[in-house]
Amino acid sequence: MRLGGWVHRRRDLGGIVFLDLRDRDGLVQVALGPGWAAPDLVSRAQTVGTETVVLVEGEVTARPPAMRNAELATGDVEVHATVLEIVGPAETPAIPVARGKGEELPAEELRLKYRHLDLRRPELQANLILRHRLLQRARRALSELDFLEIETPILSKPTPEGARDYLVPSRVHPGEFYALPQSPQIYKQLLMVSGFDRYFQIARCFRDEDLRYDRQPEFSQIDIEASFVGQEDVMGFVETVLVALWDEAGHRIGRPFPRLTWREAMERFGTDKPDLRFEFTIADWTAQVRPLAVPFFQGALTNGARVRGIAVKGGGTLSRKDVDQLAETAKTHGAPGLAWVKRQGEQVSGSVGKHFTAEALGRLGVGDGDVALMTVGPDRVTSPALDKVRQEVIRRLAPAPKSAHAFCWVVDFPLFEPDPETGKPVFAHHPFTAPHPEDVRKLDTDPFACRALHYDAVYNGNELGSGSIRITDPAIQRKVFAHLGLSPADVDARFGFLLTALAAGAPPHGGFAVGFDRTAMLLAGAGSLRDVIAFPKTTAARALFEGAPAPARTEDLAALHIKVVPPHE
């Protein structure tokens with residue numbers, strides 16, 4: 001047998017040298033000793049350093065029973081080497097690749113700086129192999145649904161899609177710029193107008209926005225679009241793909257996924273990406289609490305404010321320190337505070353306990369051993385605060401989930417939402433989303449009351465992706481642009497090509513985009529997107545391995561007709 005790989009570990013035991021040889025398929029033990037390996041070969045093996053690349057030839061033999069390793073797939077055999085060739089000598093690694101049980105990883109910035117070594121870790125190799133399998137399964141699933149894989153341009157025209165564009169200067173057209181696509185949105189709509197009725201792409205997208213653990217400036221999405229479809233059709237396509245991806249990762253899930261309207265999700269969970277594995281839903285307790293004249297609530301119950309709270313089953317085990325920390329969580333996310341009442345039999349205690357009886361708590365659904373957590377204010381305040389409180393309660397109590405895999409659809413989003421500073425309409429998702437047919441007439445009179453034919457897929461509290469049915473009527477599209485503050489001249493300059501295409505005869509169409517990096521992260525059980533991307537950026541949008549971004553050469557800037565102005569100017 002002939003093998004090649006990296007030396008994972010070396011052990012010298014009584015004249016026999018053992019090398020653990022590693023490649024992407026795993027480890028195998030190579031033995032060099034008297035009786036089958038020449039003395040100079042054994043001497044050479046004694047000098048081989050960790051991470052050196054070697055070629056080995058020898059015979060596969062069974063290990064003695066006492067030396068078998070049940071933790072390795074190859075643990076019953078070893079290779080008795082008769083040839084050992086060092087083909088890639090290695091310096092001492094800047095970071096360790098082999099880790100013992102319980103050993104911590106080096107700091108992430110260090111691992112990203114030496115990503116070529118970090119990627120040798122079996123965990124990351126397994127993640128990227130899974131990513132490959134998921135991509136191929138998605139392609140197969142969509143191809144079986146008669147979707148065509150079509151590539152769309154990377155150098156595109158700047159369009160507003162919710163984040164800043166990365167701009168690319170044109171050398172041959174001084175003073176003009178391309179944009180890297182935030183998504184293939186307009187191009188895939190143009191494909192529908194062109195008669196390609198089912199499109200998909202593993203699309204690379206770019207957004208110049210602040211990063212966090214589950215965002216990168218460049219990312220991949222499984223992008224689809226289909227003609228002559230409605231919302232249910234598109235959701236069915238997406239469910240087929242997601243079921244296939246989870247199956248590829250070894251999980252069987254059922255469909256159809258349950259549906260929640262946006263209003264229902266916000267009312268019961270305070271978020272449009274609810275984690276349905278757990279109970280602890282938010283309730284409106286305004287009517288029950290108002291007669292109790294609790295001072296904490298009374299002064300704030302104006303202008304549509306409500307008292308909302310969570311009846312935490314088994315919450316009686318939360319300590320006073322736990323509850324104080326939950327109150328800080330609520331305040332951090334905008335609430336005035338968090339009132340709480342604990343019930344033990346007929347005994348009631350808590351920050352507002354003197355205003356409640358066991359009977360009054362029973363009417364709120366708070367039983368023996370439970371605790372009520374509540375706050376007051378308008379929904380825009382209480383929803384995000386109680387969402388975070390709910391998440392923190394789940395983390396602290398660690399209840400058994402109803403299911404390991406809780407999918408749902410959230411539908412009927414608002415078409416517009418008010419700008420927090422000006423109060424003027426801004427699009428809730430993107431400006432090509434069709435208004436709900438029942439609400440089209442409200443576009444002129446009450447745009448904030450318009451629902452959108454928009455739908456999100458949610459899994460265990462994570463948004464997997466978004467989609468919508470698109471506007472095909474140029475007049476409605478212009479009306480939406482007008483609500484966003486674009487003049488007719490702006491619309492023609494920025495979107496004239498799309499409106500021209502829609503006026504050429506556009507079929508009803510809609511689509512969806514699955515955030516593939518996030519999906520791979522969840523299926524790999526990884527804690528960060530960076531663990532499922534070969535060469536990721538940091539949260540400061542820097543590529544530490546290659547040192548990007550970096551200053552451009554003066555002559556390159558001159559060729560692009562660009563001058564860099566220092567920040568202080």
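Mentor: A residue counts as buried when its relative accessible area is under 20%, as exposed when it is over 50%, and as partly exposed in between. Please keep in mind that this is a predicted model.

Trainee: Is cysteine 408 buried or exposed, then?

Mentor: Cysteine 408 has a relative accessible area of 1%, so it is buried. Cysteine 205 is likewise buried, with a relative accessible area of 1%.

Trainee: How many disulfides are there?

Mentor: A search of the whole structure finds 0 disulfides.

Trainee: And what about the chain as a whole?

Mentor: The chain has 569 residues, of which 46% count as buried. Its C-alpha trace spans about 90 × 75 × 55 Å along the principal axes. The chain exposes about 27,900 Å², and carbon and sulfur atoms supply 53% of that area.

Trainee: How many helices and strands does the chain have?

Mentor: Its secondary structure comes to 17 helices and 22 strands. Among contacts with a separation of 6 or more, 67% are between residues 24 or more positions apart.

Trainee: Let us turn to the sheets. What is the order of the strands in the sheet of 8?

Mentor: The order is E6-E9-E10-E22-E21-E20-E17-E11, in an open sheet with mixed pairing. Strand E6 (148-149) and strand E11 (259-261) are at the edges; each has a single partner strand, so one side of each is left without a neighbour in the sheet.

Trainee: Which helices pack on it?

Mentor: One of them is H6, which touches strands E9, E10, E11, E17, E20, E21 and E22. The direction of H6 makes about 155 degrees with that of E17. Helix H16 (residues 516-524) also packs on this sheet, touching E10, E20, E21 and E22, and its direction makes about 45 degrees with that of E22.

Trainee: How do E20 and E21 pair?

Mentor: Strand E20 (residues 454-459) and strand E21 (residues 462-469) pair in the antiparallel sense, over 6 bridges. One of the bridge pairs is tyrosine 459 with asparagine 462 in E21.

Trainee: What actually holds paired strands together?

Mentor: Strands of a sheet pair through backbone hydrogen bonds, either parallel or antiparallel.

Trainee: What is the pairing in the sheet of 5 strands?

Mentor: The pairing there is antiparallel, and the open sheet has the order E12-E13-E16-E14-E15. Strand E12 (282-284) and strand E15 (347-350) stand at its edges with a single partner strand each, so one side of each has no neighbour in the sheet. On average, neighbouring strands of this sheet are turned by 25 degrees against each other, direction ignored.

Trainee: Which helix packs on that one?

Mentor: Helix H7 (residues 262-269) packs on the sheet, touching E12 and strand E13 (306-312). The direction of H7 makes about 95 degrees with that of E12.

Trainee: How many bridges join E14 to E15?

Mentor: Strand E14 (residues 339-344) is joined to E15 by 4 bridges, and the two run antiparallel. Arginine 343 has valine 348 in E15 as its bridge partner.

Trainee: A new topic: how many salt bridges does the structure hold?

Mentor: The structure holds 46 salt bridges. One of them pairs the side chains of aspartate 40 and arginine 44, at 4.0 Å from N to O. Both residues lie in helix H1 (residues 39-45), 4 residues apart, which is about one turn of the helix. Aspartate 40 is partly exposed at 48% relative accessibility, and arginine 44 is partly exposed at 33%.

Trainee: Which pair links distant parts of the chain?

Mentor: Arginine 137 and aspartate 247 meet in a salt bridge at 2.9 Å, N to O. Arginine 137 belongs to helix H4 (residues 122-144) and aspartate 247 to helix H6 (residues 231-248), and they are 110 residues apart. Arginine 137 counts as buried at 18% relative accessibility, whereas aspartate 247 counts as partly exposed at 35%.

Trainee: And what is the salt-bridge partner of arginine 308?

Mentor: The partner is aspartate 379, with the closest N and O atoms 3.9 Å apart. Arginine 308 lies in strand E13 and aspartate 379 in helix H12 (residues 379-397), so the pair ties together parts that are 71 residues apart in sequence. Arginine 308 is buried, with a relative accessible area of 0%, while aspartate 379 is partly exposed at 33%.

Trainee: Which residues are joined into one network?

Mentor: Salt bridges that share partners join Arg111, Arg115, Asp118, Arg121 and Glu123 into one network.

Methods:
Residues are numbered from 1 along each chain as its sequence is written. This is a predicted model: local features need pLDDT of at least 70, side-chain atom pairs count only at pLDDT 80 or more; totals for chains, interfaces and linings use all residues. Side-chain values use heavy atoms; hydrogens and water are left out. Two strands pair if DSSP finds at least two bridges between them. Axes are lines fitted to C-alpha atoms, for helices over the stretch in contact, and angles run from 0 to 180 degrees between N-to-C directions. Contact means heavy atoms within 4.5 Å. A disulfide is a pair of cysteine sulfur atoms within 2.5 Å. Buried means under 20% relative accessible area, exposed over 50%, partly exposed in between (1.4 Å probe, protein chains only). Accessible areas come from the Shrake-Rupley method with a 1.4 Å probe; for residues, only the protein chains shown count as cover.
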